[in-house]
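Q: Please go through this chain and say what its descriptions rest on.

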Amino acid sequence: MYDSPHQFEPLVPASIPPAMTDKAAEIAREAIRLTGMAHASSRETIREQVRSMNSYYSNRIEGQSTHPLHIDAALHQQFSDKPDVARLQRVALAHIEAEIELERLVAEGESPMTAAFMTKAHDALYARLAAEDRTTDDGRIVNPGKIRDEDVEVGLHIPPTAASLPRFMERMDEVYDRRRSWDQHLIQVACMHHRATWVHPFLDGNGRAARLQSHCALWQLSDGLWSPSRGLARTTVDYYARLHNADAPRRGDLDGRGNLTTAGLNEWIEFFLGVCEDQVKFMGRMLELDGMRQRIEALITFRHAQDKAVRMEAILPLYHLFAAGPLLRKEFTQMTNLGERTARSLISRLLKDGLIVSDSAAGPVRWGMPLDSLQFLFPELYPEAATKPN
């Protein structure tokens, strides 16, 4: 029975292998480089899709896959007439809205490295859902942000007693809620993700809350352009296996000095860093200007073959919007070298298709990335977006 914080030491390995620190430092450097790629308005458009992606992948990790088209429909307040699908749409929408709220808290200076923030993450998600949408398979209603008041078993793992949870959560704050270099921060986020799920502070929804917290803990580094959720969902079996292995007791005298295994924790950190590295490198490839130019050209070529109203002259101004930012409509027209009437028709079509976006009827236009463009512009972001739901 776990009822004392010393029982989940070490919260961080006493000695971090140099190779692990080097890897974390390289991830941080690459992540910072991403924040200067593409225009700020284009990065905001990408963030919107990343939030939808996060909701999709977090649902999938829980075995409750929601098709990207259904998520996109929910964002436009269009819900399925199938109750099970509509419920998952509402969960996905709540996840997106919770992520926006939590990111704002971080931007305003709140630390995402606390047990209180994880509680807020749980509350931000589940408070947006009606009781029937937060009822578990065994009929229990998940109470938003409520620390559990009963002892539980989670598979083979028996988390700390309910009465001892405040002490465990206080200990996590003592260790994790400190300012560190980005390489050390990445390692701390990995450790916090495991120990938070090990403590299991809520009756249900711990995984979702922990992933929201990890996303926000990395948000100032990632700029919202990538998130570990995609990588965790694409390796779900390994994700759960590495978490489970780090739950184990110390393996012997050479396995640290804490009650839990240091070797298992190191293996989990390596896995988590590998996920982050994969996501950063993926997004780096996607944001390279030459590559984006080619993918925009491929998209417009494909659309033009289907609909001559989508003219090839759109390629240059679309690329400009991505790389350099919004254009006045007359500037967009000039870049197409089309006559005014033809250019207006093209702009109208691109607005209708979501490939450009404007906040007013005659205002500047900026780069858009509708769901049906992802297979060209950001292939593999989540390939399921290019398929049809069952």
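A: The accessible surface of the chain comes to about 17400 Å², by the Shrake-Rupley method with a 1.4 Å probe. Carbon and sulfur atoms hold 50% of that surface. This is a predicted model, in which local features need pLDDT of at least 70, side-chain atom pairs count only at pLDDT 80 or more, and totals for chains, interfaces and linings use all residues. Residues are numbered from 1 along each chain as its sequence is written, and side-chain values use heavy atoms, leaving out hydrogens and water.

Q: Why is the set of 98 residues called a nonpolar core?
A: The term applies because such a set consists of buried Ala, Val, Leu, Ile, Met, Phe, Trp, Tyr and Cys residues joined through side-chain atoms within 4.5 Å. Buried means under 20% relative accessible area, against over 50% for exposed and in between for partly exposed (1.4 Å probe, protein chains only). In this largest core, Trp268, Met283, Trp367 and Phe378 have the most contacts inside it. Another core, of 16 residues, lies apart from it and includes Leu125 and Trp219.

Q: Which residues is tryptophan 367 in contact with, leaving aside its neighbours within four places in sequence?
A: With contact meaning heavy atoms within 4.5 Å, the partners include Ser42, Met292, Phe322 and Phe378.
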